[in-house]
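Hello! Here is the structure I promised to pass on to you. Have a look at it first, and then read my notes below.

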Amino acid sequence: MLHKSESNSLDRLRIVLASSEAVPWSKTGGLADVSTALAKSLAAVGHDVTLVVPYHRQTEFVRDHKEEIHNSGVQLRIPVGTKTVLGTVFWTHVPSSNLRVLLIDQPEYFDRAGLYQSPSGDYSDNCERFVFFSRAVVSTIEHLVLRPHIVHANDWQTGLAPALIELEKRGAPGFEDTRSIFTIHNLAFQGWFPADAMKLTGLDWKHFNWQQMECHNQLNLLKTGIAFADFLTTVSPTYAKEIQTPEFGCGLHELLEHRRDDLVGILNGVDTDTWCPESDPFLPSNFNADNFAANKPICKSHLQDRLGLPDRPDAPLFGMVSRMTDQKGLDLITEVAQKLVEQNLQIAFLGTGNERYEWMLRELARKHPDKVSTTIGFDERLAHQIEAGSDFYLMPSRYEPCGLNQMYSLAYGTVPLVRAVGGLADSVVDTNVDSIANGTATGIVFRKYDGGTFFDAVSRCLKLYQDPTNHHKVIRAGMRYDSTWSRSANEYLATYENTLKRRPRTSLATRVTESKDHVAP
Ligand code: ADP
């Protein structure tokens, strides 16, 4: 955790973090880990931090004696298009933290099996649900007189919030000092909706233009956040550069390049309350950088037993816990699957996603039960056991804004095999003669996105496994890598403070469009 003396801040900032998911109350991916960990780290050094999330049905399943949830009595009346939608603010807290957590209850929108989709696809009213949520965040700030210095929104689900701050609240009572920050966790998910959905936002049609909320004649909520926020961050320095290029920019590279002076990449950290091999309650044996050689094999053997793989210390075990999508390199794995199972290795897959990949990995496990185990589902305990029990971790991503699992792997002495993109390039150092000699090697890194190059990287892992001295050297360097949230939180604080020192931004696009007549399409 961050110590007050380490913080760049002299004052107590009032920070509101808005996110569509946050552990332990809700989670589909890394955003949930990041939201809570950042909020906790900022609160730990004395800032006044409020995390606002929807009260999803998932929240009910994690509720226990420790995380009690209370009705605050605050009722919201939120305009969404022509309707007024009611919401209730609940509150809770994180044990041993002074972080304030507010859950926005709206059962019609959030009491659902999924956060964003059902098995048949995205919920058709996602725009309405998250326009409601973004407006509810702003309304809650008013009701509870939070007077934030910073409203920090995340991804398309809260992309409307920076627009509301600029267009409706700039200078208003309670928002005199407010600046908005918008973080892009994954540019591929943009919140696209038919143009007509603009009516739901309650904003003037004049903002439905190519510099602000419109993209290919659709409403784009991620673009809205990018266009209106006072400052932008994304989750690694390399991804911050990549998204300004046509290859990684998902159609928004020009806007991002235009805002490059207001954009910084801050690598996520690891929440060591949850991911620490020395104290992890899910492991059969805990370990650290000094005793992993003795204790990590116990985790490997336990994992092999649990998954029905032969208990073979001689076979390197590769783990992968992931959404099974193209982004995560599942097409590369498919391409070389047959060659992989011909090697002396084992692989443990855990994940859900694209049916084609789920089927392929299930079949691989069915045909090669002594080499491959595939678990389709979401299983936090098994995820921890795979991180601890594996020798190598597969992350051959096509693109990776930050990635958390490679950092968990480093912490758990599991050598990550990664492609040099986004946060993977920023957090893993390739193993070669020089990096072994100077003690900086922490993983196996490849560049070109093709099956042959990926397979060569796997072969390099197999070779490293045969060389315990260097293998242990790489493990030790990885376990000592500083991926704590204190580093990341300090960078966020510096960003907040720099943004507060600037004049409030009036977006160029606002000035341009205010002088023109606009007609609703
Ligand atoms: P993403 O692009 O999905 O956000 P990240 O690496 O940033 O990828 O974070 C993924 C997070 O979700 C990690 O904490 C990972 O362990 C977890 N996760 C993904 N799939 C599963 C699963 N099937 N079971 C348990 N945890 C999972």
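**A buried threonine**

The side chain of threonine 442 reaches to 2.9 Å from the backbone nitrogen of valine 429. Before going on, please keep in mind that this is a predicted model. You will find threonine 442 in the loop between helix H16 (433–437) and strand E20 (444–446). Is threonine 442 buried or exposed? Its relative accessible area is 5%, and buried means under 20%, so threonine 442 counts as buried. Leaving aside residues up to four places away in sequence, threonine 442 touches Leu410, Val415, Pro416, Ser427, Val428, Val429, Val474, Ala477 and Gly478.

**Another threonine**

Now turn to threonine 28, in the loop between E1 and H1. With a relative accessible area of 34%, threonine 28 is partly exposed. Its contacts, again without residues up to four places away in sequence, are Glu21, Leu115, Tyr116 and Phe378.

A cis peptide bond links valine 23 to proline 24, with omega at about 0 degrees.

**Helix H17 and its partner**

Helix H17 covers residues 451–465, which makes 15 residues. From first C-alpha to last, H17 spans 21 Å, close to the 21 Å expected at 1.5 Å a residue. At the start of H17, aspartate 450 brings a side-chain oxygen within 3.3 Å of the backbone nitrogen of glycine 452.

Which residues of H17 are buried? They are Gly451, Phe454, Phe455, Ala457, Val458, Cys461, Leu462, Leu464 and Tyr465. Some of these names come back when you look at helix H11 (residues 330–341), which packs against H17 at an angle of about 50 degrees, the axes being 9 Å apart. H11 and H17 are therefore oblique to each other, and their crossing is right-handed. On the H17 side, the residues that meet H11 are Gly451, Phe454, Phe455 and Val458. Their partners in H11 are Leu332, Ile333, Glu335, Val336, Lys339 and Leu340.

Helix H1 (residues 30–44) and helix H19 (residues 485–501) have axes that come within 9 Å and cross at roughly 75 degrees. That angle makes H1 roughly perpendicular to H19. Here Val34, Ala37, Leu38, Ser41 and Leu42 from H1 meet Trp485, Ala489, Tyr492, Leu493 and Tyr496 from H19.

**Two positive phi angles**

Two more residues deserve a click. Histidine 216 has a phi near 50 degrees, which is a positive value in a residue other than glycine. Histidine 216 sits in the loop between strand E11 (214–215) and strand E12 (218–220), and its relative accessibility of 69% makes it exposed.

Cysteine 250 is not a glycine either, but its phi is positive, at about 45 degrees. Look for cysteine 250 in the loop between helix H8 (237–242) and helix H9 (253–258). How exposed is cysteine 250? At 36% relative accessibility, cysteine 250 counts as partly exposed.

Enjoy exploring, and write back with any questions!

How values were computed
Residues are numbered from 1 along each chain as its sequence is written. This is a predicted model: local features need pLDDT of at least 70, side-chain atom pairs count only at pLDDT 80 or more; totals for chains, interfaces and linings use all residues. Side-chain values use heavy atoms; hydrogens and water are left out. Helices (H or I, at least four residues) and strands (E, at least two) are DSSP runs, numbered from the N terminus. The expected span of a helix is 1.5 Å times one less than its number of residues. Buried means under 20% relative accessible area, exposed over 50%, partly exposed in between (1.4 Å probe, protein chains only). A polar contact is a pair of N or O atoms within 3.5 Å; within protein, one must be able to donate a hydrogen and the other to accept it, and residues adjacent in sequence count only if both atoms are side-chain atoms. Axes are lines fitted to C-alpha atoms, for helices over the stretch in contact, and angles run from 0 to 180 degrees between N-to-C directions. Angles under 35 degrees count as roughly parallel, over 145 as roughly antiparallel, 65 to 115 as roughly perpendicular and the rest as oblique. A crossing is left-handed if the near helix is turned anticlockwise from the far one by less than a right angle, and right-handed if clockwise. Contact means heavy atoms within 4.5 Å.
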